[in-house]
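Keep the sequence and the 3D view open while reading.

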Amino acid sequence: MFEKFTTDARAVVREAAEQAGRTGSSTVGEPELLLALLDRKGSPAAAALGALGVDKRRESVAEALATVRRRGGISTADAVALAGLGIDVDEIVARVERTHGVGALAVDGAPGRRKRTRRPFTAEAKSVLERALRIAAGRGERRLGDEHLLMALTARPGPAAAVLAEHGVTFADVLRVVGEGGKPVERRRGRNLS
């Protein structure tokens with residue numbers, strides 16, 4: 001599968017694994033892919049995130065992703081919906097952490113707990129990679145770039161899409177920005193492969 005990835009897309013995958021190591025996660029998931037995309041410079045996805053203003057809010061995005069992880073995958077929007085039903089997610093998390101320790105609900109526990117050199121991708125992250133391939137193919141593009149990973153992260157519900165939506169970025173926004181200037185080199189040379 002990775003033979004179709006551009007250098008930028010391969011770098012995102014490597015950097016996502018490094019992000020997992022920094023957060024203490026034993027797996028690579030959507031949050032790590034998004035953080036790796038946010039750290040890119042000079043790539044189509046970096047340009048798109050810059051045009052959408054997300055690059056300037058990296059710390060806020062990272063904090064929101066950490067909160068989702070601490071809550072066991074429950075996004076802020078989900079927490080608000082549950083609050084409407086009388087369920088205080090943050091109180092539940094606090095109670096669990098008082099009994100079982102900080103990060104008890106996080107899928108992989110607290111940062112720094114595990115030291116693995118190879119981290120497998122979660123089913124959700126694998127789905128993002130597959131979706132990115134389908135998006136690239138659907139656009140008539142032979143190579144999968146980091147912009148396709150960004151589109152795939154926002155195309156379906158998940159922690160990355162929820163956090164980006166909280167920061168005012170949707171799939172439609174990403175498509176608009178990528179369509180304005182983020183297409184691969186083939187289109188810029190005059191060949192419209194869409």
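## Surface and burial

The protein exposes about 10,000 Å², and carbon and sulfur atoms supply 54% of that area. The model is a predicted one. Of its 194 residues, 45% count as buried.

## Confidence

The mean pLDDT of the protein is 82, and 85% of the residues reach 70 or more. Confidence is highest in helix H8, at a mean of 95, and lowest in helix H11 (residues 185–188), at a mean of 34.

## Overall fold

The protein contains eleven helices and zero strands. Read along the sequence, its pattern is α-α-α-α-α-α-α-α-α-α-α.

Among contacts with a separation of 6 or more, 64% are between residues 24 or more positions apart.

## The largest nonpolar core

The largest nonpolar core has 42 residues. Those that touch the most other members are Leu33, Leu34, Leu37, Val54, Leu149 and Leu150. Helices that each supply at least two residues of this core include H1 (7–23), H2 (30–38), H4 (58–70) and H8 (146–155). H2 gives the most to the core, with six residues.

What does Leu33 touch, leaving out residues up to four places away in sequence? Its partners are Val12, Ala16, Phe121, Ala125, Val128 and Leu153.

H4 has 13 residues. From its first C-alpha to its last it reaches 18 Å, close to the 18 Å expected at 1.5 Å a residue.

The residues Arg58, Val61, Ala62, Ala64, Leu65, Val68 and Arg69 of H4 are buried. Why do they lie on the same side of H4? They do so because they cover an arc of only 160° around the axis. The buried residues of H4 pack against H1, H2 and H9.

The face of H4 turned away from the buried side carries the exposed residues Glu59 and Glu63. Just after H4, Gly72 takes a positive phi of about 75°.

How values were computed
Residues are numbered from 1 along each chain as its sequence is written. This is a predicted model: local features need pLDDT of at least 70, side-chain atom pairs count only at pLDDT 80 or more; totals for chains, interfaces and linings use all residues. Side-chain values use heavy atoms; hydrogens and water are left out. A nonpolar core is a set of buried Ala, Val, Leu, Ile, Met, Phe, Trp, Tyr and Cys residues joined through side-chain atoms within 4.5 Å. Buried means under 20% relative accessible area, exposed over 50%, partly exposed in between (1.4 Å probe, protein chains only). Helices (H or I, at least four residues) and strands (E, at least two) are DSSP runs, numbered from the N terminus. Contact means heavy atoms within 4.5 Å. pLDDT is the predictor's confidence in each residue, from 0 to 100. The expected span of a helix is 1.5 Å times one less than its number of residues. The arc is that of the directions from the helix axis to the C-beta atoms. Accessible areas come from the Shrake-Rupley method with a 1.4 Å probe; for residues, only the protein chains shown count as cover.
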